[in-house]
Amino acid sequence: MSNFKPNLPQDNAKIVVMSTNNKELVKRVEELGVKVLPSENLSKLLIFEQYHTDLQFLHYNKDTVFVLKECTSLKENLKKYFPNVIEISKNIEKDYPNNVMLNCVVLNDKLICNSKTIADEVLQMAIKDNLKILNVNQGYTKCSTCIVNENAIITSDKSIYKSCRNEMDVLLIRQGYIELPETDYGFIGGSSFKYNINTLVFTGNIKLHPDYESIKSFAQNHNVELLSLTENTMIDIGSIIPID
């Protein structure tokens, strides 16, 4: 069972779910003392999304995760750590918005999401639990949101910036400069994760991003240090999601 709020580990993360396609990144994460649970290959999706963790499941709270019905192996793995593993009813599909039904962010008492694209089961539970719904135009919400802490995020998406800036500290950066093979560019949420309360980890060298100084200053204002896993350009692998 998870011992921290979604996306907000206090101590060093012990277990993450991530794509295992990039063996160098897996090795770097494991060198942090983290166990890696693999995401699945969903052949229905576009080739650059098939292993993306943030399309496959949502860490909702310390007891509950939502998962696609197609992710049978991941579901069984998640059952080892969560008492409530909820399958969503709709089938995933290649075309937007039926590929982003779980691509949202739970952050403390808030749910950042596109309420038109998110799974009904998630939205209804959030309403029942009195989470504040921060509605955005971006269906790839988790991909586009880098979590710094419970009161701070980084994004290149203007709709996320506009919807969240009155609720938390938000840094708006330029689009691009993050690789996502087979398409134009990736997103900062898909290439980062919190390792502990004071460490934000990136899949590549954050210093190569043209907004590095702004990102560094923003993180420092929230007592968060930046850690680069490799010296390469950052790559969007569909998020690395800590669960314990």
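**Close-up A. S239 lies in the loop that runs between β14 and β15 (241-242).** The model is predicted: local features are given where pLDDT is at least 70 and side-chain atom pairs where pLDDT is 80 or more, while totals for chains, interfaces and linings use all residues. Residue numbers start from 1 along each chain as its sequence is written, and side-chain values rest on heavy atoms, with hydrogens and water left out. Strands are DSSP runs of E with at least two residues, helices are runs of H or I with at least four, and both are numbered from the N terminus. Phi of S239 is positive, about 80°, although the residue is not a glycine. Most residues other than glycine have a negative phi, and most peptide bonds are trans. S239 counts as buried, because its relative accessibility is 0%. With a 1.4 Å probe and protein chains only, buried stands for under 20% relative accessible area, exposed for over 50%, and partly exposed for values in between.

**Close-up B. N108 sits in the loop between β6 and β7 (110-113).** N108 is not a glycine, yet its phi is positive, at about 60°. The relative accessible area of N108 is 30%, so this residue is partly exposed.

**Close-up C. The peptide bond between Y96 and P97 is cis.** Its omega is about 10°. P97 belongs to the loop between β5 (84-87) and β6 (105-107).

**Close-up D. An open sheet is made of 3 strands in the order β12-β13-β14.** Its pairing is mixed; two strands count as paired if DSSP finds at least two bridges between them. Strands of a sheet pair through backbone hydrogen bonds, either parallel or antiparallel. Strand β13 (residues 199-202) and β14 run parallel and are joined by 4 bridges. Opposite T199 stands E225 of β14.

**Close-up E. The largest pocket holds about 250 Å³ of space.** On a 1 Å grid over the protein atoms alone, a pocket is an open set of points with protein on both sides within 12 Å along at least five of seven lines, and lining residues have an atom within 4 Å of a point; a 1.4 Å probe fits but cannot get out of a cavity. Grid points are joined across faces, edges and corners, and the volume is the space filled by probe spheres set on them. The largest pocket has 15 lining residues, and N21, F48, H52, P181 and D236 lie nearest its centre. By class, its lining has 7 nonpolar, 5 polar and 3 charged residues. Ala, Val, Leu, Ile, Met, Phe, Trp, Tyr, Cys and Pro count as nonpolar, Asp, Glu, Lys and Arg as charged, and the others, Gly among them, as polar.

**Close-up F. The second largest pocket has a volume of about 170 Å³.** Its lining includes the aromatic residues F48, Y140, Y185 and F187. E49, H52, Q138, C143, L180, T183, D184 and D236 also line this pocket. The lining of the second largest pocket divides into 6 nonpolar, 3 polar and 3 charged residues.

**Close-up G. A network of salt bridges links E24, R28 and E31.** A salt bridge is counted when a side-chain nitrogen of Lys or Arg is within 4 Å of a carboxyl oxygen of Asp or Glu. The whole structure has 11 salt bridges. In the bridge between R28 and E24, the closest N and O atoms are 3.9 Å apart. R28 and E24 both belong to helix α1 (residues 23-31) and are 4 residues apart, about one turn of the helix. R28 is partly exposed at 28% relative accessibility, and E24 is partly exposed at 36%.

**Close-up H. E87 and K75 form a salt bridge, with the closest N and O atoms 2.4 Å apart.** This pair links distant parts of the chain, 12 residues apart: E87 is in strand β5 and K75 in helix α3 (residues 72-78). E87 is partly exposed, with 33% relative accessibility, whereas K75 is buried at 15% relative accessible area.

**Close-up I. The side chains of D109 and K110 meet in a salt bridge.** The N to O distance is 3.2 Å. D109 counts as partly exposed at 43% relative accessibility, while K110 is buried, with a relative accessible area of 10%.
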